[in-house]
Amino acid sequence: DHYPGRFADVGIVRPQAVPDGVHAFTLIVGETGANRQAPVAPPHAMDPKQKAGYSMKWIALTAIAVLAAAGAVLLFQPQVFEQIVKGTATPPPIATASQAKPAVVAQPAPVAQPAPVAQPAPASPPPAAQTPASDQTDWAGLQARLKRQYADCNGTDRTAAISACRGLLKDGALSNTTAADVQTKLGVALRDSGKSDEAIDALTAAIKLAPSTAAYNTRGLARFEKGTLDAAIEDFTAAIKLKSDDGEAYNNRAWTHFKAGRLTQAADDAKQATRYGATSAYVWDTSGHIAEAQGRKQAAIDDFRRALTLDTKSQSSRDGLTRLGVTP
């Protein structure tokens, strides 16, 4: 009754990150009297020093396997994704015997080994675990794939962007900020492809993760295109609350008020849009249309001309001047 516990062989266990499995034992403590299983002598008797060396060898090898598994899991932590796309990530750590420091474990009672074991050689430190060449290849492949997906997600090819953004959201363990950014880019690509409903879903997911002016503005445009003008105005208003000098949001809200026939609100927003987005031709074009609708002819002419100064290809402003009887 002097043994504090016993080890029981549980065979091969396979954590998610260690496909080949690890041979494991469990320590059973607290058995007393009749419910304690009597120790079973090993097939080949070993003296105490040899038994201690053999047990510690198993403990060290198991600890090394656990550290290697932790390194594999690290690949899919959120911070690693940001490092990969920025090119600053490093391969997972290589576990060594010196790193495998098991906690203090009570000396186990002798237990039956899984199979007859030959008399071991004098105890020596186990060799350092090495990262297989295939793991390095996989790491390089992972970096290349994620960088390519991130570049495509940010690209101008809408089909490629939709596929890449969805791939990142499916395969990557992203932080909320990065996931929101990817969802927003997915929403932009979907809206540009005429898929307003899918765009709204993606942008709603982005806003839940990390609200941004880009997500609100794009969702507002998608809602505008679906004819839900009040919902669109709510989104543009939310964007302005996040960034009070967002000329694009003011312009979008001005145009939505204009289409809803609310000319006073439209003119107020157009004034703010030209204040904060003075270098964008489209805000002057919007202001010109509103001024024209209000009967302010000269203001409309000035706005359309300003728009053409910034963008000579603005057909909307050219048409506005023609309607007002002025040569573009």
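Modeller: Two residues are in contact when they have heavy atoms within 4.5 Å of each other. The model above is predicted, and every contact discussed below is computed from it.

Biologist: Leaving aside neighbours within four places in sequence, which residues is V182 in contact with?

Modeller: With those neighbours set aside, V182 contacts Y150, C153, C165, L168, L169 and L174. V182 also belongs to the largest nonpolar core, which has 16 residues. C153, I162, C165, L168, V182, L186 and L190 have the most contacts inside that core. At least two residues of this core come from each of helix 3 (133–153), helix 4 (158–171), helix 5 (176–192) and helix 6 (196–209). Another core, of 15 residues, lies apart from it and includes A215, Y216, A249 and Y250.

Biologist: What does the chain as a whole look like, in terms of helices and strands?

Modeller: The chain contains 13 helices and two strands. Of its 328 residues, 36% are buried. Among contacts with a separation of 6 or more, 55% are between residues 24 or more positions apart. The chain exposes about 18,400 Å², of which carbon and sulfur atoms supply 55%.

Biologist: Where is T237, and what is its relative accessible area?

Modeller: T237 is in helix 8. Its relative accessible area is 23%, so T237 is partly exposed.

Biologist: How do I tell whether a helix shows one side to the rest of the structure?

Modeller: Start from the geometry. An α-helix has 3.6 residues a turn, so residues three or four places apart point the same way. Now take helix 12 (residues 297–310). Its buried residues are A300, I301, D303, F304, A307 and L308. They cover an arc of only 165° around the axis, which puts them on the same side of helix 12. They pack against helix 11 (281–293) and helix 13 (315–323).

Biologist: How many residues does helix 12 have, and what span should they give?

Modeller: Helix 12 has 14 residues, which should span 20 Å at 1.5 Å a residue; the end C-alpha atoms are 20 Å apart, so the two values agree.

Biologist: How many residues of helix 9 are buried?

Modeller: Ten of its 13 residues are buried, so helix 9 is largely enclosed by the rest of the structure. The buried ones are G247, A249, Y250, N251, N252, R253, A254, T256, H257 and F258. They pack against helix 7 (213–225), helix 8 (229–242), helix 10 (263–276) and helix 11. Helix 9 covers residues 247–259 and reaches 18 Å from its first C-alpha to its last, close to the 18 Å expected.

Biologist: Now a loop position. Is S314 buried or exposed?

Modeller: S314 has a relative accessible area of 13%, so S314 is buried. S314 lies in the loop between helix 12 and helix 13. Leaving aside neighbours within four places in sequence, S314 is in contact with D285 and L308. L308 is also one of the buried residues of helix 12. The side chains of S314 and S317 are joined by a polar contact of 3.2 Å.

Biologist: How far is S314 from A281, in sequence and in space?

Modeller: S314 and A281 are 33 residues apart in sequence, and 7.8 Å apart in space, C-alpha to C-alpha.

Definitions and conventions:
Residues are numbered from 1 along each chain as its sequence is written. This is a predicted model: local features need pLDDT of at least 70, side-chain atom pairs count only at pLDDT 80 or more; totals for chains, interfaces and linings use all residues. Side-chain values use heavy atoms; hydrogens and water are left out. Helices (H or I, at least four residues) and strands (E, at least two) are DSSP runs, numbered from the N terminus. Buried means under 20% relative accessible area, exposed over 50%, partly exposed in between (1.4 Å probe, protein chains only). Accessible areas come from the Shrake-Rupley method with a 1.4 Å probe; for residues, only the protein chains shown count as cover. The expected span of a helix is 1.5 Å times one less than its number of residues. The arc is that of the directions from the helix axis to the C-beta atoms. A nonpolar core is a set of buried Ala, Val, Leu, Ile, Met, Phe, Trp, Tyr and Cys residues joined through side-chain atoms within 4.5 Å. A polar contact is a pair of N or O atoms within 3.5 Å; within protein, one must be able to donate a hydrogen and the other to accept it, and residues adjacent in sequence count only if both atoms are side-chain atoms.
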